[in-house]
Each structure stands twice: as C-alpha cells, then as structure tokens.
Amino acid sequence: MSNEHIIVGLEIGTSQICCVVGDLRSDGTIRIIGVGTAPSRGVRKGEIVDFETAGTCIREALVDAEEKSDVMIGAVYLGVSGAHIESFNNRGAINIPEQRDEIREEDFEDVQASAREVSIPSGNSLLHSILQHYYVDGQDGVLNPVGLLGRKLEADFHIIHGVTNRIQNSIRCVKEVGPEVLEVVFNPVASAQVVLDQNQKSLGALVVDIGGGTTDFIVYVDGVLKQSGCLPIGGDHITNDISLGLRIPMARAEKLKIGEGSAIVGASAPGDMIVLKDETGFAGREIEREMLNTIVHCRVREIFELLKRRLDAAGNVSYLAAGIMLTGGGSQIPGIAQLAEEIFAMPAQLTFAHAVSGATSAFENPRYSTAIGLIKYAAALQPERPKSLFSRVLRKLSFLWSWIF
Amino acid sequence: MISLDRNRATAARQDLRIAIVGLGGAGSTVLDRLVLDGLSGASLVAINTDAQALAGSVAAEKIQLGRSLTRGLGAGGDPEIGFLAAKEAVGEIRAVLADAELVILCVGLGGGTGSGGARLVAELAREQGAKVVVVATLPFTFEGRRRAEQAEEALAAVQRDADLTMCFENDGMGDAVAPLAGIQDAFSAADQTISQAVRALAGLARRRGLMHLGFDELATILRFPSEAAPRCYFGFGEADGANRANDALARALKNPMMDKGRLLDGAPNVLVNVAGGSGMTINEVQILMEALNRYVGEETRILFGVAVEPQLGEKMSVTILCALPADPADVRLQPAREIAIRPASTRRAEPEPAIEEPAAPRDFPEPTEETADFRPADDELEHLPVVASAAPVPPPKRTEAKQEQMLLDPVARGRFERSEPTIVDGQDLDIPTFLRRNVKVK
C-alpha cells in the first residue's frame, strides 16, 4: 500500500461542516476512509458570519473525521460558496511568435493569462479558470494543440471569481483550526466531479446542489463546463419560511421540514392534518399538511425559477440531454424532482457521489457530494495521475494561487 | 439662489395659524404623541365622544361630542352615532376652528367617532375658510371587514371637504414591529408614523421666509385619477456621525412603509426634505439625494427641499413622503408639470430670527438675508453632480414599477435578521416566498 495518498476535502456548509478523508490509490481510484461531520453554526448563506463559532464547528468536524479515519489531517482542500462568487466565459488569444509555428506547452499559460485579462473586479480574486475549448487558427474541435502548427492559439475558459476577503475568511478560519489549505474550490465544480460521469457531461447536464444556505449549480454542455453559480437560498430559507408561516421555532420547523415536508401541493387530502407535538410529548397544535407543503412548494419553486432564469439568460437550457441532477441535503425533499421536471421541462433525478468506493453509507448521502467531490478534484491535480491536459493546466493554476495569499 | 414661486395660493408663514384636530380615540392618541415628540406653535384640539379619553388628553382645547346622545360614553364603533354626536357640538367646533388657517384633522377611521364625525369637522373647517388636510388611518386587517368598510365609506365622505387627504394603512405601519409583538406595539407604531407625518406637514406649512406652501405641491403628490384617496407612505430618518447622510436615508427607508425604497420606484412624485445643522454640507445633501435617486423611478419627479436648522446640531434628517393610488392600476405618471422646487422643514422649528450662515461651510450657496433655508433653482437641481466618493451603501437592483399594495414585512426575516439581504429584482428573498406572493396560508 505504498502509494497511498491521503486527501481530505472540507466543506463549510451552512447547516453542516463536512470533512471527508479519502485515499488516492496508485491506480487512480479513490477510497473513502472516513467522513466527519458537525453541525454548522456561524455560517449563513454559505458564508462565515461568526468566525469563532465557525472555527469551533470546523474543529469538531475535523476531529470527528480524524477519529473515523484514524488519520491526522494536516491539509485540506476547501470548498467555498456564496452569492459573491460569479462566473463568466471568456476567450483568450495569443499569436504564436514568428520564429516558430509549433504550439508548445508554455503557450497555454499565455493564452490563459490572456483570457483572464478581462477585469475581475478589484477586491475579487480568481478561483478557477477552467479550460473549455481550444481553437487553432480558428478551427475548433482541437483536443490537444501541442505539436500542431498554427499562427494563433485561442482558448475558451470558464472563469470563476469571488470576493477576496470572503474567500480569505474561510481560509483563515480553517488555518486557525490547524490544517493547511491546499486549494480552494468552488463547491459545484467539486460536486460535478463525482455526480456526473463523462457520458452525462457530454450529453449536457445541470447539477443542482441544494444546501442549507445556498443552491449551487453547474452546467456541462458537450462535455465542457459552461456555466456555474450560486443562489444564496437554501434549505435554511425553507425552514425559515415554515417557521414564520406556522409560527413555530426554527428547530421544530427544521424537524417538520425533514419529517413531513413535501414540495408537492394538491396531493394531500383536505383535512389531512399534522400534529405538532409540544415539548412534553403531548399533542399540540394541528396544522394542515397542505399548508406546510404549500410553504415548501413556494420556496422550492422560486429557487428553481430563479435558477431557470439564470440558465435561460446564458442560453444553456436547450442543450441538456442528460437533464438535471439534484443533490445536496435539500434534494431529499419529497417531490422535488417532480417540481424540477415541471419547471425545467427536462428529466430530473436525485443523485449522489459516484466514482468512489468505500463505506456505502458515506458516499450515498447527497449531503456529502461536495466534500467527496473535492477529493476527486484534488486527485486530478495530483502529479501521479496520468498527465491529462486538464490537470496540467490546473497545476499551472495552483501556483497562480500563490499571489493571492 | 432664489427663484420666484409661481402659482401662489396660500402664503406659508411662520405665524400661520394651524389647528391640529384629533378626532376620536385614535386621533386623540396622535395628539398625545405629537406633544410627546415635540410640536409647538399649533393649537391642539381633541374632539371625542368618550369623556374619559378626553379628560386624559393633553390638548389645550377639548370638545365633547354627544353630550346628550352618548353622555360621555363612546360611539360604540357606530359611525351613525358618531355623526349625530358630532352634530350636537357643531357650534363648539366652529368656535374652536374659527381662527385657524390650516386644519390638520387626524382621525382613525373604522370606528364610530372618527368615521362619523370626520366629514362634519372637515366641512366646518372648510366653511371657516381654512385649508383642510385630513390624515387618516385605515384599520388593521385583523380588525375585521366591517371596520374596513366603515373606514372606506368615511374616507370617501370626508374627501369631499378636504383639500388633501393622506391615508395610512395601519397594516403597513404595524409591520414595524415583529410579527409576534403585542397589539399595543403595533398601534404604537402607527401613532408614531402619523405623528411624524403631521409634524412634517406642519413644518411644510410653516416654512420661513419667501417660501410658500403650495398645497399644490402636496396636492401634486396626491393626485391620482381614481376617486379613492391615495395611500401615503412616509419615511423619516435621522442620523449623526461620519456617514450621516447615508445612515439617515437608510433609516428613513427602513420604515416598513417605505418598503426599503421599493415603493419609491412606482410613485409619480416624491417629496423629500433634508434638514441638518449648520455644519451640513452640500456634499452630504448630494450624497443623500444621489443615494435616494437610485430608489426612485425614471419618471418620478422629486419635490425637494433643504432646511438648515441649527438646533439639529450634528444630526441630519430626511423626510420622505410619497403616495400611491389605492388602486394600483391607476398609476399613470402625470405629464411633467411645472413644479417649483421648494424647501421644507422636517420638524416644526421655533420661530427664530434669521440665522447667519457660518463662514465655515464654503460650499453652501449664499443664504438669503432672512433665512437659512436654501433652495436650488429648478435647473440647478438637474445638474447636481454625481458624487464620486459615494458612500458604501450598495444600490438595490432596479425594479420595474411595483404596484402591489401588500407591503412586505421587512422584519419577517427570522433567521436572516442580521444577515445581508438577498435582493433580486427588487425582492428581498429572505422574506418567505409565500408571503411575497400572497399565497394564502392560514
């Protein structure tokens, strides 16, 4: 077992902190050794609002993961999200210098730098610059231009950036607890690695990760990452709606949401009541099931409609043959896939992390998709992996990071 | 710079005789609130059927209605009784209002005394030759449909004799308190808003120096084609400190009636008055107006006034008043009408001798010899330069005209109380979706 390599993915979510310890084998497969979680406090809508409390929760999750995996965690790959994170597609172009007309590896860096020249707002820093396509002298469909002859090299990149301070907050919070942060990854980019297989990416798919504080999404078209983003609405909002609508405290609203909530309206019989038990265990108020479902339905519908609007604006909706993959804690609401199908007019299904092995219960839970995805993403960055173009470009990225710190 | 006013109907003077009449239970409470908040120079008249309430009122003049009909008891929520009771006291009412040039009638509609007596009082005031402004509140939804209907009827009736009618919906004001707070707090919030509005009105009327109150201006705000009185929205904010311009505006907009400024987008006219101590700079005024401009619609006309009131000291305050028609379908922006821009005072300042502009704030335009108020000429207002060093208040996304009447309850953010609101298309997404979409949920 000499080529064991421990990779740890850490996601600081709004409802839970999730830390997954994985083992990267020499053949490139990943095995999940342990998953540590802790309820998250001090995080709202995907962003840390209470530094100390969040730090405590992170520590709890890390300790839990260390115990379960029997590994000391020294460094993590950190997943971030938040409404401040934005993304766009941009094309970079360079002319091959005249004395040669063969395209070389160093040209990648140049063309990437050219793509990133589009101004990211000051105060923001780059999270990802993900390669989409190459064009050599205007010809597309080029998979690997190295060695080809050409005068002009262009490349499309999907650029993701976020407010520097907020990203730094997350990093600092983790560092304060102990581990180093090796990379910062935008959550849906990580989830997509384990939720979609290559076939689905080629067909075109949308991954929607409904978390506690945010709904993250990512779109693949023709095998290439086309759009990504974050809506700062999540399961918390559903719970909040229930709490305000039925006038019950948040904790009970949360239980109610998980236990009884459904996104489908019109399906329950009129007069079908849910009994809210009070603290002593005796039956308390009664509420109509339909009311609860209506509240949940409204909010979920809104999330999807907002999402759809974003997708329509980018023009991506018609290309998604593989449909929608729903993941994250929020995807467990009954009826949500149906609602998504109705709103997006394409098939939707619930999903979780694939392409990993290990304790089944660990990776079959959609709440862990992102953290597991971080490991897969990190694995792609590792030098032992067979050199793929993707990883080479990513590696170049990783030391581009250093200037941010 | 002083521009001459056109269309002068009533000259507003410092010594304008104002009578503030509180009719009925709610009306009297407003009077008490006014005194508490500080109002001087206007005579206060409390008119009620309920003798006990009357006795407890702080007003200088009191008139009891229905001495023989109701004998010191209330009107029992019946406008008919309220009307008859008021008729009994016609002579007294006339006498008390005889001297007034402007009568501000504060009344809570829906009950007996206020709803029944309002139109009579307004009629009498008008007969005396005074201008009549009615500030009315419409009952909370939880008070039931009967009261709502009575309120609407009374409103229609009183409008015939009023020069201006401003209605406030209690629901909008009650939203200032947390949803689970007691009814007391909700009513109290309503009183506070009315009190501020009345003081702003009185202040408008009392402007100093060459400026006049045109009821024209106020009328402009309230002019809508439909017959129902427009619903008024009012915001008031005061702040001091380094960022006072933005803070004051933020507070004014926080008033739930302002709905964080979204309402301003749909209002055809908005009255804004900015006041500050002698240290207030034109830069701050510009910052404030610039920030405010982001909230108002493309077509909205701003009636803008600035006053320097040294007693404000370090504070800066802004008062915003706008109206939307009761029926949202009625908003048709009026064709651009010539309006002379006029300053106002947010609160009743004591009649004072002319205040010299201190030499320090250089960028203040030269004052008139009589007053510290200043007012830009119409064209100058248009050219207020964009303030480069705008304050950090993030502008909300622009919305298309939002006409729904149902005001969002900005406090119902529950868990998201203290986090930055998520605004998309002018809606605060932290507020429950079913609330925003008015989906019936028991």
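This is a predicted model: local features need pLDDT of at least 70, side-chain atom pairs count only at pLDDT 80 or more; totals for chains, interfaces and linings use all residues.

In what order do the five strands of the open sheet with mixed pairing stand in chain A?

Author: The order is E14-E13-E12-E17-E18 of chain A, in an open sheet with mixed pairing. At its edges are strand E14 (224–231) and strand E18 (348–350) of chain A, each of which pairs on one side only. From one strand to the next, the twist averages 20 degrees. Residues are numbered from 1 along each chain as its sequence is written, and chains are lettered from A in the order in which they are written. Helices (H or I, at least four residues) and strands (E, at least two) are DSSP runs numbered from the N terminus, and two strands pair if DSSP finds at least two bridges between them.

Strand E12 (residues 205–210) of chain A pairs with strand E17 (residues 323–327) of chain A in the parallel sense, over five bridges. Within E17(A), the residue opposite A:Ala205 is A:Gly323. Apart from its neighbours within four places in sequence, A:Gly204 is in contact (C-beta atoms, placed from the backbone, within 7 Å) with residues including A:Tyr220, A:Asp222, A:Tyr319 and A:Ala322. A:Gly204 also lies 9.2 Å from A:Ser318, C-alpha to C-alpha, although the two are 114 residues apart in sequence.

Stepping back, chain A comprises twelve helices and 19 strands. Among its 405 residues, 49% count as buried. Of the contacts in chain A with a separation of 6 or more, 69% are between residues 24 or more positions apart.

Chain A has another open sheet, with four strands in the order E7-E10-E8-E9 and antiparallel pairing. Its edge strands are strand E7 (86–95) and strand E9 (139–142) of chain A, each pairing on one side only. Ignoring direction, neighbouring strands here are turned by 45 degrees against each other on average. Strand E8 (residues 124–136) of chain A meets E9(A) in the antiparallel sense over two bridges, and A:Val136 stands opposite A:Gln139 in E9(A). Helix H2 (residues 106–116) of chain A lies across E7, E8 and strand E10 (152–163) of chain A, at about 130 degrees to E7(A). Helix H3 (residues 164–177) of chain A packs on the sheet as well, touching E8 and E10 of chain A and making about 70 degrees with the direction of E10(A). Such angles run from 0 to 180 degrees between N-to-C directions of axes fitted to C-alpha atoms, for helices over the stretch in contact.

The buried residues of H1(A) are A:Ala54, A:Cys57, A:Ile58, A:Ala61, A:Leu62, A:Ala65 and A:Ser69. Down the axis of H1(A) these residues fall within an arc of 140 degrees, so they line one face of the helix; the arc is that of the directions from the helix axis to the C-beta atoms. Elements covering them include strand E1 (5–12), strand E2 (16–24) and H3 of chain A. A:Glu52 and A:Glu67, on the other side of H1(A), are exposed. Just after H1(A), A:Asp70 has a positive phi of about 60 degrees.

Last comes the neighbouring chain. In all, 20 residues of chain A are in contact with 15 residues of chain B. On chain A's side, helix H6 (235–246) and helix H8 (289–314) each supply at least two residues, and H8(A) gives the largest share, seven residues. Within chain B, six of the six residues of strand E1 (residues 18–23) are buried, so this strand is largely enclosed by the rest of the structure. Six bridges join E1(B) to strand E2 (residues 42–48) of chain B, running parallel, and B:Val21 stands opposite B:Val45 in E2(B). Six bridges also join E1(B) to strand E4 (residues 102–108) of chain B, again parallel, where B:Leu105 is the bridge partner of B:Val21.

Note on methods:
Two residues are in contact if their C-beta atoms, placed from the backbone, lie within 7 Å. A residue is buried if 20 or more other C-beta atoms lie within 10 Å of its own, exposed if 12 or fewer, and partly exposed in between; C-beta atoms are placed from the backbone.
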